Amino acid sequence: MSQWSQVQQLEIKFLEQVDQFYDDNFPMEIRHLLAQWIESQDWEAASNNEAMAMILLQNLLIQVDEQLDRVSQEKNLLLIHNLKRIRKLLQGKYHGNPMHIAVIISNCLREERRILAAASMPVQGPLEKSLQNSVVSERQRNVEHKVSAIKNSAQMTDQDVKYLEDLQEEFDFRYKTIQSLEQSDKNSALIKQEMLALQAMLNTLDYKRKEVLSKIGRVIHEIDMLMSNMLTEELLDWKRRQQIACIGGPLHGGLDQLQNCFTLLAESLFQVRRQLEKLDELLTRLTYDGDPIPVQRPQLLEKVNFLLYNLFRNSFVVERQPCMPTHPQRPMVLKTLIQFTVKLRLLIKLPELNYQIRVKATIDKNVSTVSNRRFVLCGTHVKAMNMDESANGSLSVEFRHLQPKEMKSSAGSKGNEGPHMVTEELHSISFETQVCLYGLTINLETSSLPVVMISNVSQLPNAWASIIWYNLSTNDPQNLSFFNNPPAATLSQLLEVLSWQFSSYVGRGLNSEQLNMLAEKLMVSYNDYQLSWAKFCKEHLPGKSFTFWVWLEAILDLIKKHILPLWIDGYVMGFVSKEKERILLKDKTPGTFLLRFSESNLGGITFTWVDQLENGEVTFHSVEPYNKGRLAALPFADILRDYKVIMADNVPENPLKYLYPDIPKDKAFGKHYSCQPNEVSKPSDGGVKGYVPSVFIPVSKILNDSTDPHSPSDLLPMSPSVYAVLREHLSPTVIETALSSPYSTD
C-alpha cells in the first residue's frame, strides 16, 4: 500500500494535520494524482543536487501533462482547469530554483510519515497533549469570535459618526439661515420657535458626540483587553508550538488564523483612527461649552496609536526558523559558509504595505555571547516583504542566500574550543524593519530562536542535541547563556522528544517498550523524573567510549541510510537489551529471531535467534553487529535471506525462520530483497570470460564445544570472498576447507 493510501485512511484529526502543509507550493491534487510516482523518487537527494532537482521537476511537469491528456479525454472540465493552473504555477515558481520544490516535497513526505507514526502510537506524550489542550482550542475560538465582534462594533460606530455628521450639517445649515436674516425678522415668533428647535438639536448633537466617543472608547477597551490577554497568550502558544515542531514534534498550525485576527484588529484600529479624525473635523466646524470632543479625543487617539504600535511589533514573527537546505530535519544548526534559509511574516496583511517594508538580517546584534567567536552574514541580507511569494498571499520575506562567516579574533584566540563548548554556544539572528503608514512610523524587530554555529559537519550531532535540550527545556526565545547552567529535563518529556527524532527523521516513532529500554540505558527510572544535560550528552555511558546521544544518533544514521524500509514496517525491534531478548525468545520455535541495535558498537545492528539442542537445552546465538561499512556492500534484507551457519560438518543452512513473535521470514522481508535467490547467476550463466560468477553470502561457523559459552565472537561473519558461489555448487568438504583457510579472516 502506498504511503498516500495509508494517509487517506487516517482519522479526521490526523487528516487535518496533513491538510495544513499542502498548499500552492505543492498542491494536494498533484500529491493525489501522482502518489506512486512521487513516492518512488529520491526528493531528499535532489534537494541538495540542482541537476537532479531540475530533472525531477521536468519529469514532474511531464507527469502533469500526462494527467492532463487523461482528464481531457474524460472531459473533466474542473480538473482540466485546476491542472492547467497548477502546471503553470509549478513551472513559474520553481523553474529558476528546482531544489526548492525538492525540499518542499521531501518535507511533505517526511511529515506524512511522522503523522502516520503518530497515528500508530497508542498513547500521546505529555508535550503533545499540552499542545492539543481543549482549553487552548476554546481560547482560539473565543479570540476569533471577539475579533469579529470588535470589527462589527467599529463598523456600527462608523454609521453613528455618519449620522452625527449629517445631524451637524443640518444644524449648521439651519443656524446659518437664521444668522443671515435681518434683525427685525429675528424677533418674530416663528424665528424664536426655530431657535428653540436649534437648541434641541444642539442638545442632541452633544448627546450623540458623547455617545460616539463612548462607543469608540468601548471598542478601544475591548481591543486593549483582547491584545493584553487572549491574543498575547495565543501568539505565545504558537511560538511554543513552533519550538516543539522544530525538534520533531507535531506540525504547528494556526498562523493564518492569527494573521486574520491581527489584520482585523489593525483594520478596526485604523477605522477608529479615521473616526477620531472625522470628529476633529466636526470640531473645527462647531464647538460649544462642555463639548466632549476636545477633552476626550486626544486621549483616545493616543491610546489607539499605542495599540497600533504594540500590534505591529507583535505581528513581526519568524515563520520558519533558520535551516540549512542540506539538513532539513536539523533546523537552527548552521555551518559556516553554508547557505541557510529563514522566512519572516508580518501578521498584519494590508495591501498598502506590499513591497514597502525592507527587512535587514544581522547576527548577534547587541548581544554578548559566552564565546569569543563572532560572525557576520554574507549574501543578500536586505529584502522587501511582499504578498506574491507566499501561497496564501501573506506579507512575508524569505532569505535564501545567507551564509554565516566567522570573523578572525583580533587577539588571535579561537575562543572557547572543545567538542562541547562550540556546540553549547548559542547565537541569535535578528531582523529589523520600519513601517510607515497613515502618518505612523513604527520600528519593528524580531529574532530567531537561538542557533548553534558549527564549522565542521562532525559537530552536527552534538549541536542538534543542544537545540533539542534548549527547546525542550525553555520557552524563552533569547536565553543565549542557557548552557551556563542548563536545567534538568523531565524524563517523560525527553523520551517523547526522542521518539519524535525517530518519527520525523526515519518515519516511525518508538513504542513504550523501546522507550523503557532507553530509560534503562540512561540508568534512570520513571520514578526519578529528571535527567541532567551532562548525563544526556556529555558523560560517557558506563564502560563505553561514547555518550548516550552519540550512540542514539549513530542508530538514527544507520536506519536512515541502510534499513529504513525495515524500520518503517516495524520489523526492527531495535531497542531491547540482551537479557530481555532471551526472555522473549526462550519459549519460541527454534529459528525465531529478532533484530536489535548493538549497545557496544556505534551504529551497529545484530540479530539473535533461538535454537534447541538434542537434549532440549535452549541456546541463543547473536551475530557480530553489522555496521554501515558492511551494510553498504550488502543490503540487510539480503543478509537475513542468505545468512548461513555451519555447525561441525553439517551442510550450511539458514537458521533464521521466523521473525519474532512468529512471522515467517520471507513474509516479513520478501518485498525488500534486492533479488530472489533463484535469480542469482550460476557458473554456467557465464559472467566475465574466464571467471566463475560469485555472490556475497554471509556465513558463520558455530563451534560445537559445550565447555565454552557461545559469544558474539563465535559468530563472526565469513568474508564474502570466501563463500564465492551458492552452496549447491560446493560440497560441505570444500566449505569446511575454506573455513579453516588462513585467508578467511576479514
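## A residue in a loop

At 39% relative accessibility, Asn48 counts as partly exposed. The cut-offs behind that word are simple: buried means under 20% relative accessible area, exposed means over 50%, and partly exposed is in between, using a 1.4 Å probe and protein chains only. You'll find Asn48 in the loop between helix 5 (43–46) and helix 6 (50–74). Helices here are DSSP runs of H or I with at least four residues, strands are runs of E with at least two, and both are numbered from the N terminus.

Now look at what sits around Asn48. Leaving aside neighbours within four places in sequence, Asn48 is in contact with Met99, Pro325 and Thr326, where contact means heavy atoms within 4.5 Å. Asn48 and His327 are 279 residues apart in sequence, yet their C-alpha atoms are 9.2 Å apart in space.

## What you're looking at

This is a predicted model, so local features need pLDDT of at least 70 and side-chain atom pairs count only at pLDDT 80 or more, while totals for chains, interfaces and linings use all residues. Residues are numbered from 1 along each chain as its sequence is written, and side-chain values use heavy atoms, with hydrogens and water left out.

The protein chain has 23 helices and 19 strands. Of its 746 residues, 48% are buried. Take the contacts between residues at least 6 apart in sequence: 72% of them join residues at least 24 apart.

Strands of a sheet pair through backbone hydrogen bonds, either parallel or antiparallel. In this model, four strands make an open sheet in the order 1-3-7-5, with antiparallel pairing; two strands count as paired if DSSP finds at least two bridges between them. Strand 1 (316–323) and strand 5 (374–378) are at the edges with a single partner strand each, so one side of each has no neighbour in the sheet. From one strand to the next, the twist averages 35 degrees.

Let's zoom in on one pair. Strand 1 and strand 3 (residues 340–346) run antiparallel and are joined by five bridges. Cys323 stands opposite Thr341 in strand 3. Lying across strand 1 and strand 3 is helix 12 (residues 255–285), which runs at about 35 degrees to strand 3.

## Helices that cross

Helix 12 has a helix partner too. Its axis and that of helix 13 (residues 293–315) come within 10 Å and cross at roughly 155 degrees. Axes are lines fitted to C-alpha atoms, for helices over the stretch in contact, and angles run from 0 to 180 degrees between N-to-C directions. That makes helix 12 roughly antiparallel to helix 13. For angle names, under 35 degrees is roughly parallel, over 145 roughly antiparallel, 65 to 115 roughly perpendicular, and the rest oblique. The crossing of helix 12 past helix 13 is left-handed: the near helix is turned anticlockwise from the far one by less than a right angle, whereas clockwise would be right-handed.

Next, helix 15 (residues 491–506) and helix 16 (residues 512–521): their axes come within 11 Å and cross at roughly 120 degrees. The two are therefore oblique to each other, and helix 15 passes helix 16 in a right-handed crossing. Leu491, Leu495, Leu498 and Ser499 of helix 15 make the contact with Leu515, Leu518 and Ala519 of helix 16.

Strand 8 (residues 429–437) pairs with strand 4 (residues 358–363) in the antiparallel sense through four bridges.

Leu437 stands opposite Leu440 in strand 9.

## Two buried residues

Gln459 sits in the loop between strand 10 (452–454) and helix 14 (460–473). Gln459 has a relative accessible area of 18%, so it is buried. Its side chain reaches the backbone nitrogen of Ser455 at 2.9 Å. Beyond neighbours within four places in sequence, Gln459 is in contact with Val422, Thr423 and Ile454.

Val610 belongs to strand 14 (residues 605–612) and, at 2% relative accessibility, counts as buried. Leaving out neighbours within four places in sequence, its contacts include Leu585, Pro590, Val618 and Phe620. Ser622 is twelve residues from Val610 along the chain, and their C-alpha atoms are separated by 9.2 Å.

Conventions
Polar contact = N/O pair within 3.5 Å; in protein donor to acceptor, adjacent residues only side chain to side chain.
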